[in-house]
Structure formats: structure tokens, C-alpha cells
Amino acid sequence: MPSPLHPPNPEDPKQSVSDAPRESGADALLRPKPPVPPPVEPSPTPETVASEPEPEPEAPKRPVPIPPPSEPRQYRAIGVVRGRYMPSEEQVTQGALHTSDDTIVEAVLLGRVMSLVKNHIDLDQDHLWVVYPRTGQRDGNLHLQIVGVWEPENLNQEDQDPELPPVSSEEVHEGYFSVRGEVVFYSEEDSRVIVKIRQGPRKAGQPPKFFKIALKGTVSGRALRHFWSFEVERQGQDLVILTGNNMGVMPPKRQSRPKSPQNRRPGRRKSGPAAKGNRPTPRPKKVKDSQPPGSE
């Protein structure tokens, strides 16, 4: 392109007037310049990348008789009841709990707590018992399985952490229960909820067992075939719902495969009429013509 300071030469065929730029020198100098691309910033090196702060570990909490669930859908039914255990005349392991609200509840002592009761527990006094609840299928009465005693102020003082002492028995919500499982029955009119709870097998290879707990109260939303976490309070012989959290629908059950007929043998496939399960029709026998006796 010819410079605006030097006009084109008309004698030069390569530089004709028609091909010369029409702008004057001042107009050419005032022509806007193309935009300059922004400078490319260098990619940050690993040293300059700001690392996200790691989440702070949860502060340790004081031991409680009913710890938080270890899994989002952990089955369980556990609670605490204050009262005096009264063994029966026949067996020490079977008896009843005379609770602080003057209710008599059937109870049994499980093996893990027997030595504690015999050596360290005064049965003439009230204690805070850790129990597994059961409800009768016919009468609906409450039945308790005693698995422990929560009195850290009197028991296991040598094993306690002085910085995080266990919650004392006076600080515990007496009559509180945690029930987590699948809701298999719900009646809003009767304020009745039945929760199915799965027990882990005691020995390896054994199938899990199930039992049901009847609760008093109502829930909102879909209840059946959903996993629920209930906070429950004992009121007399009833377990009354305080709060309920719907944890979601239960996974579908596996469908069992149909069993093959016993008379079918694996291997070569049969063909012909026998393969359809029909037997071949027998051919009729030919009967010879016979003459009656005495005739010729």
C-alpha cells in the first residue's frame, strides 16, 4: 500500500489513481486501530493455587446411653427407663420394672447385664436402665429387655475421661426411645404406626430376624414402605411419637426365580409329539375273523 506521505505515480501502471487511497494523510492517521487482544495470563502453578481448607474434625462428644446412629438407615429400637427391677420368684432373669411414673412393665434381664446386677446393683433402689422395647402382637402391652445400667457417676469411674465425662443419669431424658425401621402399617384414625425392625444375625451365615414395634401417633407424607427415624417417649404402656423423619423409600424386594419342573432333565432337547407333553396315540390291533363253533 502506498504511503500517505508519497502520492502515487501516474506513470507507474502498478500505482494508478483509482487504486490510490482516497483518505488524506490526516484521515488515515485518525483511522481506528484494531483492538489489541488482552495479554494471556499465565496458568497458575501448583504453588499459586489456593487450596481449600480441610474440614475441621468434629469435636468429641460426651458419652451418652443412646449414641447417634452409625449409618443413615441403621435399624434399632433402644431406650432408657428409670425404675426398680423386681425379679420373679421363679427366676431372677424374669420380672418387671416398677417405673418412676408408677407403671408396672414386664421385663427380662439379658445375659450381658447379669453379672452387673449381681455384683454392683442394689435392686431395692431405682436405676436408669438401658432397654430394648417390644410390644405384644395381641394385647399391645410394652415388654422390656434390660441390657445395661447407665450410672456413670457410680460405675466405671476408673475408665472415664476427666475432660469428657459421660452424661450423668440425671441429665438423661428418662423414658426416651429411638426407633428406626420400615413402616409397614399406618392408621391415622387410630393413631397407630407399626415399624418393622431388622436384627443382625448372631452368628455368621444365619439370616437376619425381624420384629415389629407398635407406636402411638401420626406422621405426615407417605409412610408405608418408607424408612423412618422416630424419637419416642414412653407414656405408661405406650410408646408415643415425638418426632419422625422420613429417610426415603425402601429398595424393591428381589423377585425369586421360578423353579424348573422336576421331571425336566437338562441336556438334549426332545422333539416330536413327546416334546409337547403328549403321548403318542396307540394303534388299534387287528382282530382275526372267527367262525362260531359247530359251523362249517
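Predicted model: local features only at pLDDT ≥ 70, side-chain atom pairs only at ≥ 80, totals over all residues.
Side chains of opposite charge can pair when their charged atoms come close. In the present model the count of salt bridges comes to three. One of them joins the side chains of Glu171 and Arg62, with an N to O distance of 3.3 Å. This pair links distant parts of the chain, since Glu171 belongs to the loop between strand 5 (142-149) and strand 6 (176-187), whereas Arg62 belongs to the loop between helix 1 (25-29) and strand 1, the two residues being 109 residues apart. Glu171 is partly exposed, with a relative accessible area of 48%, and Arg62 is likewise counted as partly exposed, at 35% relative accessibility.

A further salt bridge is formed by Arg234 and Asp101, whose closest N and O atoms are 3.1 Å apart. Because Arg234 lies in strand 9 (residues 226-235) and Asp101 in the loop between strand 2 and strand 3, the pair ties together parts that are 133 residues apart in sequence. Arg234 has a relative accessible area of 6% and is therefore buried, while Asp101, at 37%, is partly exposed.

In another salt bridge, the side chains of Arg225 and Glu182 meet at 2.8 Å, N to O. Here too distant parts of the chain are linked, with Arg225 in the loop between strand 8 and strand 9 and Glu182 in strand 6, 43 residues apart. The relative accessible area of Arg225 is 30%, so this residue is partly exposed, whereas that of Glu182 is 10%, which places Glu182 among the buried residues.

The loop between strand 2 (94-99) and strand 3 (104-109) also holds Ser100, which is partly exposed, with a relative accessible area of 45%. When its neighbours within four places in sequence are left aside, Ser100 is in contact with Arg82, Gly83 and Glu174. Of these residues, Gly83 is 17 residues away from Ser100 in sequence, and the C-alpha atoms of Ser100 and Gly83 are 5.3 Å apart in space.

Key: Residues numbered from 1 in each chain as written. Heavy atoms only, no water. Helix = DSSP H or I, 4+ residues; strand = E, 2+ residues; numbered from the N terminus. Buried < 20%, exposed > 50% of the residue type's maximum accessible area, 1.4 Å probe, protein only. Contact = heavy atoms within 4.5 Å. Salt bridge = Lys/Arg side-chain N within 4 Å of Asp/Glu carboxyl O.
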